[in-house]
Amino acid sequence: MKQMLLFLGLAMWCSLASAQTSEDSTYIRQNYTKMEKYITMRDGKKLFTSIYLPKDQSKKYPIMMTRTPYTVSPYGENEYRRTLGQNMLFARAGFIFVYQDVRGKWMSEGDYVDVRPIIDKKKSKTDIDESTDTYDTIDWLVKNLPNNNGRVGIEGISYPGFYSSASLPNAHPALKAVSPQAPVTDWFLGDDFHHNGAFMMMDAFNFYTSFGVPRPKPLMPKDFKTGIKVSFKDNYKFYLEMGALPNFKKKYMGDSVKFWNDLMSHPNYDEFWKAMNIRPHLVNIKPATMTVGGFFDAEDCFGALHVYDALEKQNPQTHKNMLVMGPWFHGGWESKDATLFADQNFGSNTSAWFRENIELPFFNYYLKDEGAMDLPEASIFITGSNQWHKFETWPPKNTTEKTLYFQPDGKLSFTPATVTNSFDEYVSDPNTPVPYQDGIQKGRTREYMLDDQRFAARRPDVKVYQTDTLTEDMTLTGPLMADLFASTTGTDADYVVKLIDVFPDNYPNPIPNPKNVTLSGYQMLIRGEVFRGRFRNSFEKPEAFEPGKVTEIKYALPDVGHTFRKGHRIMIQVQNSWFPLVDRNPQKFVDIYQATDADFQKATHRIYHDGQNKSSLKITVLEQ
């Protein structure tokens, strides 16, 4: 009976969603006219642009633009998108909508460059970047589109989030408001394909087997038939059997995917990667900015936090700069209902609240002079307590730094251990790496960002430390800093530190509970981050470990916003692999991108926790 009710409920939801989509499509056709144009850039290249104009021409409208490498489909002036803007609130509020295939993608001319570097000092019309392409597009739009009010807004998620950030340097005067959302920002230090120099193998391989395949000429998605075919059902098994990284090129990539070759050729934070980092260029910014991200975004959590931070530190305080962080996966703020994610219930539809109370009001104010700009500097959803908070700064001012120290016997405390020569010892074997998630999956799941960690805690190559039961709520808002004192019998090592909320043993299961989740003793991942140990002193100049020597590995984890409730415990897990999310470290100081299968070796690791070597995690606690 329960299964039948669940099936009927899902069927009803799908029916309602389909009806809503049909209603939206009808509304767009009834209220908008579509046109397609090639807009010429300063160097003569033409970019394909899809434009939707309101049929009601009794007033002027601002322009909302998204630039994308993922196609502006559908193509043809009689073929309409099912929604306009990132959600239908914008379509019903009335804007001119513009979508553009970026240079070198799909129907636009020119050569495509991944995360094309910004050129600060341009010497000729051939010195183009995404900033100039945006400028030239806006210039054409405001001069040629009927009934536009001369104001432009830009937003986009993920890669379009990068193009949103790239619109800001030397912005066109008509550009008034920009919202980079989960913006691709730094592909070596924190987004998508590397975290602290560790290669996010699964995402990179999955993405570039399609996105990275060259396009011989402008074409539509229906004509793209050259993607690399890969088939498997168990990602752990597939990537383990694939072996060392050079095997990917031998078996799948060949020489067809340029960026894969670039990945394999630039193992350190060299000028190739530094040129792609847009943060140094976010200076003298004029448009109002609102950066949006998800605390549980598996792709670009780093980007959202660090774009906001760069804008805040590199521009005058008079520049309107805002941050929104919620309990979301990648782009989850635009999902229909973000009340639930993975096994957690956040108590309200956080995505709908964001769209209605923050996103649309932001653009209405700067593009239409509607409403009042009373939005806070930082709008942050705190999980655990499941409440929105308004802060004047991020991180908040009213916080205290505290340190959680590792202790003997798996303890965790706010006071350091006083014993001598205390450590946990274990063997890490690259041939049996620690899984990033329990169970069998094909693709990388988004739920791993907050999933139950009990499966990992039971492994001998994962070290677990936890506090006593908390006697009062503790809210963390802001950065985390791992400070490990470790040794290895190898000459290289990765380190993964995970901050976990341990639920009480009497915690009730959800009602209903279709997945049969046991929340009693649940170990909810709040933040996990990897660090490639060779970069402990420099991302530019890696260093081998001296076998057996106690070495400090200190690194920042992305910010958090979470309340550990009274009766819960705080747990930290430490491990040396996170597979196949992250590629395996051979535990031998070699160029990992050129390693052979024979290079991978077992190593014995020690995590120290004594009066001299105080392994710890520094946290930022909100004062109530």
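# Exercises on Strands, a Helix and a Cavity

β18 and strand β23 (residues 569–575) are paired in the antiparallel sense, over 4 bridges. The model is predicted; local features need pLDDT of at least 70, side-chain atom pairs count only at pLDDT 80 or more, and totals for chains, interfaces and linings use all residues. Residues are numbered from 1 along each chain as its sequence is written, and side-chain values use heavy atoms, with hydrogens and water left out.

**Exercise 1. Determine the strand order of the sheet that holds β18, and identify its edges.**

Step 1. Helices (H or I, at least four residues) and strands (E, at least two) are DSSP runs, numbered from the N terminus. Two strands pair if DSSP finds at least two bridges between them.

Step 2. The open sheet has 4 strands in the order β18-β23-β20-β21, with antiparallel pairing.

Step 3. The edges are β18 (463–466) and β21; each has a single partner strand, so one side of each is left without a neighbour in the sheet.

Step 4. On average, neighbouring strands of this sheet are turned by 15° against each other, direction ignored. For such angles, axes are lines fitted to C-alpha atoms, for helices over the stretch in contact, and angles run from 0 to 180 degrees between N-to-C directions.

Step 5. As a residue-level example, tyrosine 465 stands opposite isoleucine 572 in β23.

**Exercise 2. Describe the surroundings of valine 530.**

Step 1. Valine 530 is found in strand β21.

Step 2. Its relative accessible area is 1%, and valine 530 is therefore buried (buried means under 20% relative accessible area, exposed over 50%, partly exposed in between, with a 1.4 Å probe and protein chains only).

Step 3. Contact means heavy atoms within 4.5 Å.

**Exercise 3. Relate helix α10 to the largest cavity.**

Step 1. Helix α10 (residues 301–313) has 13 residues and reaches 19 Å from its first C-alpha to its last, close to the 18 Å expected at 1.5 Å a residue (the expected span is 1.5 Å times one less than the number of residues).

Step 2. The buried residues of α10 pack against several elements, including β9 (288–294) and β21 (523–532).

Step 3. α10 and β21 each supply at least two residues of the lining of the largest cavity. Among its 17 lining residues, His195, Asp297, Cys301, Met449 and Glu529 lie nearest its centre. Here a cavity is, on a 1 Å grid over the protein atoms alone, a set of points where a 1.4 Å probe fits but cannot get out, and lining residues have an atom within 4 Å of a point.

Methods. 1 Å grid on protein atoms, 1.4 Å probe; cavity = no way out; pocket = protein on both sides within 12 Å on 5 of 7 lines; lining within 4 Å. Lists of a residue's contacts leave out its neighbours within four places in sequence.
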